[in-house]
Every structure is written in structure tokens, then in C-alpha cells.
Amino acid sequence: MATESGARPKKAGAFDIRLIIALLIGVYGVILTVMGAFFTSAAEREKAAGVNINLWAGIGMLVVAALFLVWALVRPLVVPADPEAAETTDTTPAAGE
């Protein structure tokens, strides 16, 4: 997909904010899942009405992180090679047209 000037658009790659969000949520999800699976006592579960909340919150965060990752891989952000050309090819009608 080349532009008129011959330059190819680039993908945002590691600078895509969705990947950063997925990484942060994923790290916290792993920590909570490990804490819930191996380090939660019966007394702590009783405080949370019998639910292992760390485990369930961690699993939920891992699912959300996976969804962000899939979203970023399926629909990558494309950065135009020439920002000025992208501004001139805008086809939105001006106000009053």
C-alpha cells in the first residue's frame, strides 16, 4: 500500500498504546493470579465472602490484556509516511458545505 510519493506507511509497532496497556494489565493480572492461587489463606477468603477475589480479578485482567493484544494485532495503527500528504488528502467537507 504505497502512497503517491512512493513512501510506504509504517505501523506504530511498540509505540501502540494498546500494547502498553496490555502489558501493564497483564503484569498485574499475573501477579494477582499467582497470589490468589498460591498465597491466599482461608481467613482472607472468608473476608471476601468466601470468594478468592485475587484469583478471579487476576484471571479477568489476563482476559482483558489478551483482548487488548488481539485488538492491536488485528487492527494495527498505520502511521502515514508523509504527514503533510495525509493532511491534504482529507476528504471531510468543510463547515457550511
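This report walks through the fold, the first helix, a salt bridge and a loop of a predicted model.

## Overall layout

Let's start with the whole chain. The protein holds four helices and two strands, and read from the N terminus its elements follow the order β-α-α-α-β-α. Of its 97 residues, 13% are buried.

Contacts can also be sorted by distance along the sequence.

Helix α1 covers residues 17-38.

Which residues of α1 are buried? They are Arg18, Ala22, Gly26, Gly29, Thr33 and Gly36. Viewed down the helix axis, the buried residues of α1 fall within an arc of 100 degrees, and therefore they line one face of the helix.

Part of the cover over the buried residues of α1 comes from α3, residues 53-74. On the face turned away from the buried side, α1 carries the exposed residues Ile17, Leu23, Tyr28 and Phe38.

How many salt bridges does the model contain? The count is one. It pairs the side chains of Asp16 and Arg18, with 2.7 Å from N to O. In general, side chains of opposite charge can pair when their charged atoms come close. Both partners are out of the way of the probe: Asp16 is buried, as is Arg18, and Arg18 also belongs to the buried set of α1.

## The loop between α2 and α3

Two residues are worth a visit in the loop that links α2 (42-47) to α3: Asn52 and Ala49. Are they buried or exposed? Asn52 has a relative accessible area of 13%, which is under the 20% cut-off, so Asn52 is buried. Ala49, at 70% relative accessibility, is over the 50% limit and therefore counts as exposed.

A polar atom of the Asn52 side chain lies 2.7 Å from the backbone oxygen of Gly36, and Gly36 is one of the buried residues of α1. Leaving aside residues up to four places away in sequence, Asn52 touches Gly36, Thr40 and Arg45.

Ala49 has a backbone feature of its own: its phi is near 60 degrees, a positive value in a residue other than glycine.

Notes
Residues numbered from 1 in each chain as written. Predicted model: local features only at pLDDT ≥ 70, side-chain atom pairs only at ≥ 80, totals over all residues. Heavy atoms only, no water. Salt bridge = Lys/Arg side-chain N within 4 Å of Asp/Glu carboxyl O. Buried < 20%, exposed > 50% of the residue type's maximum accessible area, 1.4 Å probe, protein only. Expected span 1.5 Å × (residues − 1). Arc of directions from axis to C-beta. Contact = heavy atoms within 4.5 Å. Polar contact = N/O pair within 3.5 Å; in protein donor to acceptor, adjacent residues only side chain to side chain.
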